[in-house]
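Subject: Structure handover

Hi,

Have a look at it first, then read on.

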Amino acid sequence: SSPWCRSSEDCAMIPKDPAVLLSFVNTKLRDEYPSLAELCAALDADEEALRNTLAALHYEYDAGRNRFV
């Protein structure tokens with residue numbers, strides 16, 4: 001299971017590969033969720049672990065743009 005998944009059933013659709021995860025999360029933020037907190041709540045994902053995973057790729061969440069940059 002992924003470190004950002006609290007429940008493998010609820011967030012099974014979240015990609016495990018960090019580069020694919022980045023694209024997935026930014027697309028979801030653009031199209032479906034007004035904030036990272038809401039995306040994480042809806043998918044039962046651990047926001048801190050998700051941020052840490054993408055930080056390893058040198059991406060940080062920008063709340064003003066509602067995306068990882």
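To get you oriented: in which helix is E47 found? E47 sits in helix α3. Keep in mind that this is a predicted model.

**Overall layout**

The chain has three helices and two strands, and going from the N terminus the order is α-α-α-β-β. Of its 69 residues, 39% are buried. If you take the contacts in the chain with a separation of 6 or more, 54% of them join residues 24 or more positions apart.

**Helix α1**

Helix α1 covers residues 18-31. At the start of α1, D17 has a side-chain oxygen within 3.0 Å of the backbone nitrogen of A19.

The buried residues of this helix are L21, L22, F24, V25, N26, K28 and L29. As for what they pack against, the list is α2 (36-43), α3 (47-55), β1 (61-62) and β2 (67-68).

Leaving out residues up to four places away in sequence, N26 touches R67 and F68.

In soluble globular proteins, nonpolar side chains tend to be buried together. Here, the largest nonpolar core holds 16 residues, and V25, L29, L36 and F68 are the ones with the most contacts inside it. Each of α1, α2 and α3 supplies at least two residues of this core, with α1 giving the most, at five residues.

Once neighbours within four places in sequence are set aside, L36 is in contact with V25, L29, E47, L50, R51, Y61, N66 and F68.

F68 is buried, since its relative accessible area is 1% and the cut-off is under 20%. Y61 is also buried, because its 15% relative accessibility falls under that cut-off. The count of aromatic pairs comes to one: Y61 and F68, in a tilted arrangement, with 5.5 Å centre to centre and 55° between the planes.

**Helix α3**

D46 caps the N-terminal end of α3, with a side-chain oxygen 3.0 Å from the backbone nitrogen of E48. Back to E47: its relative accessibility is 23%, so it counts as partly exposed. E47 is 10 residues away from A37 in sequence, and their C-alpha atoms are 6.9 Å apart in space.

Which residues of α3 are buried? They are A49, L50, T53 and L54. These residues cover an arc of only 130° around the axis, so they lie on the same side of α3. They pack against α1, α2 and β2.

**Loops**

A56 and P18 are 38 residues apart in sequence, while their C-alpha atoms are 8.7 Å apart in space.

The other is H58, in that loop too. H58 has a positive phi of about 70°, although it is not a glycine. Its relative accessibility is 70%, so H58 counts as exposed.

N66 has a positive phi as well, of about 50°, and it is not a glycine either. This residue is found in the loop between β1 and β2. Is N66 buried or exposed? Its relative accessibility is 13%, so N66 counts as buried.

Cheers

Definitions and conventions:
Residues numbered from 1 in each chain as written. Predicted model: local features only at pLDDT ≥ 70, side-chain atom pairs only at ≥ 80, totals over all residues. Heavy atoms only, no water. Helix = DSSP H or I, 4+ residues; strand = E, 2+ residues; numbered from the N terminus. Expected span 1.5 Å × (residues − 1). Buried < 20%, exposed > 50% of the residue type's maximum accessible area, 1.4 Å probe, protein only. Contact = heavy atoms within 4.5 Å. Polar contact = N/O pair within 3.5 Å; in protein donor to acceptor, adjacent residues only side chain to side chain. Core = buried A, V, L, I, M, F, W, Y, C linked by side-chain atoms within 4.5 Å. Arc of directions from axis to C-beta. Phe/Tyr/Trp six-rings, centres within 6.5 Å; stacked < 30°, edge-to-face > 60°.
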